[in-house]
Amino acid sequence: INTEQVEAKQNAVPKAQDSKETPVSQKTESAECGKLRENFRFFGPVTLLYACFYAFCMYRNGSGITFPFFMVGSLLFLCCSLERLSITLRKGSGFYMTSMILLAVSTFCTDDSKIINLNKTAIFLLMMSLLLKQFYDTSEWRLGKYLRSICRLTVCSLGEMGRPFADGAYYFKTEGKKNKTLWNAVLGVVIAVPMLAIVV
């Protein structure tokens, strides 16, 4: 028995040395983040269009008639993104979406700033809960777990603000050299945006 224990210890030493060669602290990204980078050709232009749509609906008009349309467009953008990531909407997501649209209509129909602020806070919480529901099993979560996760999701989202630029740089570095049409399209957009601003 003692000899078997000694041999087991001796065999465990090389394994420990091998584990040092591959550090565990290497930064890894989730499968969804990898798909975002691989599908930048879809997410890049669609996100830019969504940003323009947001500016059209919400610029100096945070609670006007365009607010319900902005909410519907945001939910469509979310559904298209999830579909592109091969993620299906989970059961019960329709309740969150319907509630947000109704709150958006309520925001348009009132001029009371307190009600508008409460509606927008509720929409924000519902949107965060909807996102968490798509990626985690929230069936047994309590209120405290929800609030902590929403706060964490908000803070972590701020840390990912540079991801579109990093993914875009990676895409143009790998695919842009192979596709001259892509470079011509980007150059045309870069030239057209300042001209459009001057004309407007």
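Reader: Which residues does Tyr 54 touch, not counting residues up to four places away in sequence?

Author: In this predicted model, Tyr 54 touches Tyr 59 and Phe 70 once residues up to four places away in sequence are set aside. Tyr 54 itself has its place in helix α3. The C-alpha atoms of Tyr 54 and Phe 67 are separated by 9.4 Å, and these two residues are 13 apart along the chain.

Reader: Why is Tyr 54 called partly exposed?

Author: The relative accessible area of Tyr 54 is 42%. Buried would require a value under 20%, and exposed a value over 50%. The value of Tyr 54 lies in between, and therefore Tyr 54 is called partly exposed.

Reader: What makes Ser 149 count as buried?

Author: Ser 149 has a relative accessibility of 13%. The cut-off for buried is under 20%, so Ser 149 counts as buried. Ser 149 lies in helix α7, residues 143-159. Leaving out residues up to four places away in sequence, Ser 149 touches Leu 132 and Trp 141. For the chain of 200 residues, 26% count as buried.

Reader: How do you know that Arg 60 is exposed?

Author: Arg 60 has a relative accessible area of 77%. Exposed means over 50%, so Arg 60 is exposed. Arg 60 is found in the loop between α3 (40-58) and α4 (66-84). Although Arg 60 is not a glycine, its phi is positive, at about 55°.

Reader: Is Ser 86 buried or exposed, and what makes it so?

Author: Ser 86 has a relative accessible area of 60%. This value is over 50%, and Ser 86 is therefore exposed. Ser 86 belongs to the loop between α4 and α5. Ser 86 has a positive phi of about 60°, although it is not a glycine.

Reader: Why are α4 and α5 called roughly antiparallel?

Author: The axes of α4 and α5 cross at roughly 160° and come within 8 Å. Angles over 145 degrees count as roughly antiparallel, so α4 is roughly antiparallel to α5. The crossing of these two helices, α4 and α5, is right-handed.

Reader: Which residues in α4 and α5 meet?

Author: On the side of α4, the residues are Phe 67, Pro 68, Met 71, Val 72, Leu 75 and Cys 79. They meet residues in α5 that include Met 97, Met 100, Ile 101 and Phe 108. By class, the contact of α4 with α5 has twelve nonpolar residues, one polar residue and no charged residues.

Reader: How do you know that α5 and α6 are roughly antiparallel to each other?

Author: Helix α5 (residues 93-109) and helix α6 (residues 113-135) have axes that come within 9 Å and cross at roughly 160°. This angle is over 145 degrees, and therefore α5 and α6 are roughly antiparallel to each other. The crossing in which α5 passes α6 is left-handed. Among the residues of α5 in this contact are Tyr 96, Leu 103 and Thr 107, and those of α6 include Asn 119, Lys 120 and Leu 130. The residues of the contact of α5 with α6 divide into eleven nonpolar, seven polar and two charged.

Reader: How many helices and strands does the secondary structure of the chain come to?

Author: The chain has nine helices and zero strands. Among contacts between residues at least 6 apart in sequence, 65% join residues at least 24 apart. The chain exposes about 14,900 Å², and carbon and sulfur atoms supply 65% of that area.

Definitions and conventions:
Residues numbered from 1 in each chain as written. Predicted model: local features only at pLDDT ≥ 70, side-chain atom pairs only at ≥ 80, totals over all residues. Heavy atoms only, no water. Axes fitted to C-alpha atoms, helices over the stretch in contact; angles between N-to-C directions. Helix = DSSP H or I, 4+ residues; strand = E, 2+ residues; numbered from the N terminus. Parallel < 35°, antiparallel > 145°, perpendicular 65-115°, else oblique. Left-handed = near helix turned anticlockwise from the far one by under 90°. Contact = heavy atoms within 4.5 Å. Nonpolar A, V, L, I, M, F, W, Y, C, P; charged D, E, K, R; others polar. Buried < 20%, exposed > 50% of the residue type's maximum accessible area, 1.4 Å probe, protein only. Areas by Shrake-Rupley, 256 points an atom, 1.4 Å probe, with all protein chains shown as cover.
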